[in-house]
Amino acid sequence: MPLPEGLLAAALAGERRAVARLITLLENAPSGLAGAEEQPSAAATAAEIMAAIYPHTGQAQVVGMTGPPGGGKSTLVARLAAEYRRRGLMVGIVAVDPSSPFSGGAILGDRIRMGALSGDSGVFIRSMANRGELGGLARSTAGVVAVLDACGFRRILVETVGTGQAEVEIARTAHATVVVQVPEMGDEIQTMKAGILEIADVLVVNKADHAGAARTVAALGAMLDLRRSVAAEAWRPPIVQTVATRGEGCAELVDALDRHAAYLGTSGRRAAQDEARARSTLRGVLHEALEEWLLTLLGRAAFEEAVRQVAQRQDDPYGMATALLRRALQEAGGKRPQRGEDTA
Ligand SMILES: Nc1nc2c(ncn2[C@@H]2O[C@H](COP(=O)(O)OP(=O)(O)OP(=O)(O)O)[C@@H](O)[C@H]2O)c(=O)[nH]1
Ligand SMILES: [Mg+2]
């Protein structure tokens, strides 16, 4: 069943209730991919929703915000959103919470922290729990971002705790990644995973009202110089000091992000990024489509049996995958095409 016309129109016009409903619909929708089991569902499929919204996407600047727990990401996101609002832009905020069973409290905390924005119809806030499934996280985050993009939110801020894998996923979704650090982590910075600097387009030293901010800025700068002496890069991530609780440095942060966006455009990086994102999304959907097609044709029980046989080493994963694909092709065709038959 196609998406209700009224809902789509209201969401595209940026009406928050409709946007929220569209996101929920997308999250709970059957995939609707070709070959997937026909579900007697009254709801629109993810495929239908995507087909409706995708032509409207591509306008938003998506900014990932990552860093250690308690570093001030949520406070900063709220202030950044306020700064964007001052500049007349609609802002979407997606808070991804990685700690599954205990996420309720943290999400509630973020809601309260961002409370000042909740009366503003130009701001949309969505918290999502990462249930530990990285693929799922990436897919649903990308889905929410796509809806917000289509619905006119020109800046989308995605907050995630720096736990290693999650922020790499965010970096894949975002146009820019802001890595938040706090002062008095001198030793930790030395041992900080190189990966986190790799993904930083802008570095923030938040809680700059605390002692040691200058030392942290210097340490980060030294690390950037070290990296640049190894690999020549056109963009040197600027280091912005902020006091998120007071909103200090937020205009500078927005300016730095604008400069980065301009750099992406003029350097051609933006086009390359768009292509990389399209590639990874398409691969993800194809993967999902192929798996659904296979499970629909063979049945889940057959798949579970295959899993059991691989686990018990009666077959290897490649051999089993080949066997499953062959059987699915056979089922799909009703019969196996004989060699030369299709060329006759
Ligand atoms: N002194 C000071 N405190 C700050 C600053 N920014 C944030 N805080 C405080 O730091 C605490 C954590 O802030 P949050 O914004 O929740 O940090 P977070 O990184 O979102 O935390 P998690 O999402 O739980 O990882 C709160 O008590 C904030 O008020 C700052 O610039 N200076
Ligand atoms: Mg937070």
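Mentor: Let us begin with burial. Of the 344 residues of the protein, 43% count as buried. Please keep in mind that this is a predicted model.

Trainee: How many helices and strands does the protein have?

Mentor: There are 14 helices and seven strands in the protein. As for its contacts, among those between residues at least 6 apart in sequence, 75% join residues at least 24 apart.

Trainee: Which residues coordinate the magnesium ion (ligand 2)?

Mentor: One reads a metal site from its donor atoms. Here Ser74 (OG) and Glu159 (OE) coordinate the magnesium ion (ligand 2), at 2.1 to 2.2 Å. This pair links distant parts of the chain, 85 residues apart: serine 74 belongs to helix α4 (residues 73-86), and glutamate 159 to strand β4 (residues 155-161).

Trainee: Is serine 74 buried or exposed? And is glutamate 159 buried or exposed?

Mentor: Burial is judged by relative accessibility, with the cut-off for buried set at under 20%. Serine 74 has 5% relative accessibility and therefore counts as buried. Glutamate 159 has 8%, so glutamate 159 counts as buried.

Trainee: Let us turn to helix packing. At roughly what angle do the axes of helix α12 and helix α14 cross?

Mentor: One considers the approach of the axes, the angle and then the handedness. The axes of helix α12 (residues 269-298) and helix α14 (residues 317-333) come within 9 Å, and their crossing angle is roughly 70°. Because angles of 65 to 115 degrees count as roughly perpendicular, α12 is roughly perpendicular to α14. Their crossing is left-handed.

Trainee: Which residues in α12 and α14 meet?

Mentor: From α12 come Trp293, Leu294, Leu297 and Leu298; they meet Leu324, Leu325, Arg327, Ala328, Leu329, Glu331 and Ala332 in α14. By class, this contact of α12 with α14 has nine nonpolar residues, two charged residues and no polar ones.

Trainee: What residues form the contact of α1 with α2?

Mentor: Leu7, Ala10 and Ala11 in α1 meet Ala18, Val19, Arg21, Leu22 and Leu25 in α2. The residues of this contact divide into seven nonpolar, one charged and no polar.

Note on methods. Residues are numbered from 1 along each chain as its sequence is written. Chains are lettered from A and ligands numbered from 1 in the order in which they are written. This is a predicted model: local features need pLDDT of at least 70, side-chain atom pairs count only at pLDDT 80 or more; totals for chains, interfaces and linings use all residues. Side-chain values use heavy atoms; hydrogens and water are left out. Donors are N, O and S atoms within 2.8 Å of the metal (3.2 Å for Na, K and Ca); water is not among the atoms, so sites may look incomplete. Helices (H or I, at least four residues) and strands (E, at least two) are DSSP runs, numbered from the N terminus. Buried means under 20% relative accessible area, exposed over 50%, partly exposed in between (1.4 Å probe, protein chains only). Axes are lines fitted to C-alpha atoms, for helices over the stretch in contact, and angles run from 0 to 180 degrees between N-to-C directions. Angles under 35 degrees count as roughly parallel, over 145 as roughly antiparallel, 65 to 115 as roughly perpendicular and the rest as oblique. A crossing is left-handed if the near helix is turned anticlockwise from the far one by less than a right angle, and right-handed if clockwise. Contact means heavy atoms within 4.5 Å. Ala, Val, Leu, Ile, Met, Phe, Trp, Tyr, Cys and Pro count as nonpolar, Asp, Glu, Lys and Arg as charged, and the others, Gly among them, as polar.
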